[in-house]
Amino acid sequence: MTQTRFVLLLTTLMVTSLAFADETAEFTMADKITAAATEHRLVLGFDGETFSGPAWERLVAEGRRAQFFLVGEEHGIAENPILVGQLFPVLAEAGYSKLAIEISPTMASLLDAALVDDGLDGLRKLFAQPGGEPAFYGMQEEAEMLAAVRAARPANRPVLWGTDYEVAGDRQLLKLLEGAKKPAAAATALDNVIAASTASWAEYAETGSPQFIFSFAGDPALVRAVREAWPNPDPQSDVILNTLEKTLFTNQLWMQGKAWESNRARAELQRENFLRYWRAAKQRGATPKVLAKYGGSHIVRGLSQTAVYDLGTLLPEIAALEGNRSFSMLIVPGAGTSVAGLNPSTWTYEPRPADGGYLAGLGPIMSAAHEDTFTLIDLAALRPVVGMSGKDVDKELFRTVHGFDMLLIMSGSNPSGELQHD
């Protein structure tokens, strides 16, 4: 064989080999991810009431070592709040004293007070009032979780930190503003907000159309007018005015089709509210340990699914500044399960298929899950496999592996139920 023919044959073989490698690289990467996930998985036992097993022991150990235990979830899985409701009392023994959740600061205070007064029945009484039931916490298991968390700490020390905007509680917040001492001009401006809220909710009651929920239909300029006429409000009123104005502003952007701007505004409010709590605690000489429970996009470390930086980025940085660490976990439903979703037309919760959401792109990891129990997978062990470039890996899988420390797959989970109240 001449040298020219040999070089030509070698070149052909190399090109063929590279082409074959390109065709199989994606499958090879998926197989590697599944193998690594299978190697680094633990069973989370659940008998319908109590969690146990090696995954439970690992979660407790991670929580004890951390300052912040961050739970990102697919909303509406009944077992999620049951797990958090059992973790918090155990972690309270290691210094955890706060539960941060996806509601406004003032609504968190109202829930806390209701629980101290009468436990779960206290929540039922609050939820029976107009605007007293915040999103998500009208689910049976979520309400029971709040009761379990509140019971784990002394009654004279607030437990709940609410960092979000307020979707349905404006009537409760406006009632508190109405009873606060304020200038006459602020009272007149507040009357305009109350009238707008009342009219909006009346239209919602008549039509069942979510567009008339006041937090989406209201004009933030109405609240700004109150603030301008009330230059030095008391601390509670100041927080309420900030919540109302930024809720209406955030949702106004959403209704205008400005989804990214809306999510950025919401993330900024979440961070602002958390830092208010944090700075107040530090001024008292405390460095609280916090368990946080939010939708996964709020808890992921780095750029979120909505392309903003949320609590999942802020809290690990705070922990690092304090010389501590954070731990984050994403909880997703297993294959063939359903979750509870809010029907905004009736403000009730209904089962729906658990597809899409945070499951997108996670196929290679989901393949490592047990079919008949809950599976905890150590995502840190998958990072060397996934690498740092994201090549040959779905972008959401890449985000999940690097943005969370563990993934809990709840095969055989159930949709949350409805808390019965008047």
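**Burial, strand pairing and helix packing**

Colleague: Glu245 has its place in helix α10. What counts as a helix or a strand in this description?

Modeller: Helices (H or I, at least four residues) and strands (E, at least two) are DSSP runs, numbered from the N terminus. The model is predicted, so local features require pLDDT of at least 70 and side-chain atom pairs count only at pLDDT 80 or more, whereas totals for chains, interfaces and linings use all residues. Residues are numbered from 1 along each chain as its sequence is written, and side-chain values use heavy atoms, with hydrogens and water left out.

Colleague: What makes a group of residues a nonpolar core?

Modeller: A nonpolar core is a set of buried Ala, Val, Leu, Ile, Met, Phe, Trp, Tyr and Cys residues joined through side-chain atoms within 4.5 Å. The largest such core has 88 residues, of which Phe69, Leu99, Leu146, Phe274, Met329 and Ile365 touch the most other members. Helix α4 (residues 105-127) contributes the largest share of this core, 8 residues. Another core, of 26 residues, lies apart from it, and includes Tyr165, Ala168, Leu174 and Trp230. In soluble globular proteins, nonpolar side chains tend to be buried together.

Colleague: What does Phe274 contact beyond its neighbours within four places in sequence?

Modeller: Phe274 is in contact with Phe68, Trp161, Thr163, Val290, Leu311, Leu314, Leu315 and Ile318.

Colleague: How do you know that two strands pair?

Modeller: Two strands pair if DSSP finds at least two bridges between them. Strands β3 (residues 68-73) and β6 have 6 bridges and pair in the parallel sense, with Leu70 opposite Ala292 in β6. Strand β4 (residues 96-101) is joined to β6 by 5 bridges, again parallel, and Leu99 stands opposite Leu291 in β6. Strand β6 (residues 289-295) is mostly covered, with 7 of its 7 residues buried. On β7 (residues 326-333), 6 bridges link to β3 in a parallel run.

Colleague: Why are β2 and β5 placed at the edges of the sheet?

Modeller: The open sheet of 9 strands has mixed pairing and the order β2-β1-β10-β11-β7-β3-β6-β4-β5. β2 (51-52) and β5 (160-162) each have a single partner strand, so one side of each is left without a neighbour in the sheet.

Colleague: How are β8 and β9 joined, in the parallel or the antiparallel sense?

Modeller: Strands β8 (residues 338-343) and β9 (residues 348-353) run antiparallel and are joined by 6 bridges. They form a hairpin with 4 residues between them, and Trp347 in the turn has a positive phi of about 55°.

Colleague: What is the relative orientation of helices α3 and α5, and why is it given that name?

Modeller: Axes are lines fitted to C-alpha atoms, for helices over the stretch in contact, and angles run from 0 to 180 degrees between N-to-C directions. Angles under 35 degrees count as roughly parallel, over 145 as roughly antiparallel, 65 to 115 as roughly perpendicular and the rest as oblique. The axes of α3 (residues 79-92) and α5 (residues 140-151) come within 8 Å and cross at roughly 5°. α3 and α5 are therefore roughly parallel to each other.

Colleague: Which classes of residue make up the contact of α3 with α5?

Modeller: Ala, Val, Leu, Ile, Met, Phe, Trp, Tyr, Cys and Pro count as nonpolar, Asp, Glu, Lys and Arg as charged, and the others, Gly among them, as polar. Pro81, Ile82, Val84, Gly85, Phe88 and Pro89 in α3 meet Glu141, Glu142, Met145, Ala148 and Val149 in α5. By class, this contact has 8 nonpolar, 1 polar and 2 charged residues.

Conventions
Buried means under 20% relative accessible area, exposed over 50%, partly exposed in between (1.4 Å probe, protein chains only). Contact means heavy atoms within 4.5 Å.
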